[in-house]
Amino acid sequence: GKPPTYRQAIFDSLHQAMHEAFDVPKDNQFMTITEHQAADFRYGATYLGINRTDDIVMIQITANNTRTTEQKKQMFQRIAQLLGMNAGVRAEDVFVNLIEVDKANWSLGCGLAQYA
């Protein structure tokens, strides 16, 4: 149960990082937040030697498979920085998973494959 301002800070931070690192257009904002009760959530508190807390934020991004490894590293780092500054999330509690798809796998409305 985080306040709306916290959730909005997450949205804003994620989009800013994606805009800066991936050149995502300003109006390309399709995001959702889901909160889970403790009984419905599990994470590795010390996996890879990183000390996480119950305030972990798990982020999954689906994007075109057109970005370089350097762009991905830049985005991951920028997300952690911005979430720390704007939402007070510790860098250790920022978990990001990037799913890459072919550009033809998108329909953003009207039954069209806009990027194909």
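E70 is exposed, with a relative accessible area of 54%. That value is computed from a predicted model, as are the others in this report.

K73 counts as partly exposed, at 49% relative accessibility.

**A link from helix 2 to strand 2**

Which residue forms a salt bridge with E100? The partner is K72, and the closest N and O atoms lie 3.0 Å apart. This pair links distant parts of the chain. E100 sits in strand 2 (residues 94-101), while K72 sits in helix 2. The two are 28 residues apart. Is K72 buried or exposed? K72 is buried, because its relative accessible area of 18% falls under the 20% limit. E100 is partly exposed, at 36%.

**The R90, E92 and D93 network**

R90 and E92 also pair up. Their side chains meet in a salt bridge of 3.5 Å, N to O. The pair is part of a network of salt bridges that links R90, E92 and D93. R90 is partly exposed, with a relative accessible area of 34%. E92 is partly exposed too, at 37%.

How many salt bridges does the structure hold? The total is seven. The table lists three of them, with their distances.

| Salt bridge | N to O distance |
|---|---|
| K72 and E100 | 3.0 Å |
| R90 and E92 | 3.5 Å |

**A nonpolar patch**

The surface also has a nonpolar patch. Y47, L48 and I50 make this patch, which spans about 340 Å². I50 is found in the loop between helix 1 (4-22) and strand 1 (57-64). How accessible is I50, and what is its relative accessible area? I50 is partly exposed, at 33%.

**In brief**

R90, E92 and D93 form a linked network. Y47, L48 and I50 supply the nonpolar patch.

Definitions and conventions: Residues are numbered from 1 along each chain as its sequence is written. This is a predicted model: local features need pLDDT of at least 70, side-chain atom pairs count only at pLDDT 80 or more; totals for chains, interfaces and linings use all residues. Side-chain values use heavy atoms; hydrogens and water are left out. Patches are made of residues with over 30% relative accessible area and no salt bridge: like charges are joined within 9 Å, nonpolar side chains (Val, Leu, Ile, Met, Phe, Trp, Tyr) within 5 Å. Accessible areas come from the Shrake-Rupley method with a 1.4 Å probe; for residues, only the protein chains shown count as cover. A salt bridge is a side-chain nitrogen of Lys or Arg within 4 Å of a carboxyl oxygen of Asp or Glu. Helices (H or I, at least four residues) and strands (E, at least two) are DSSP runs, numbered from the N terminus. Buried means under 20% relative accessible area, exposed over 50%, partly exposed in between (1.4 Å probe, protein chains only).
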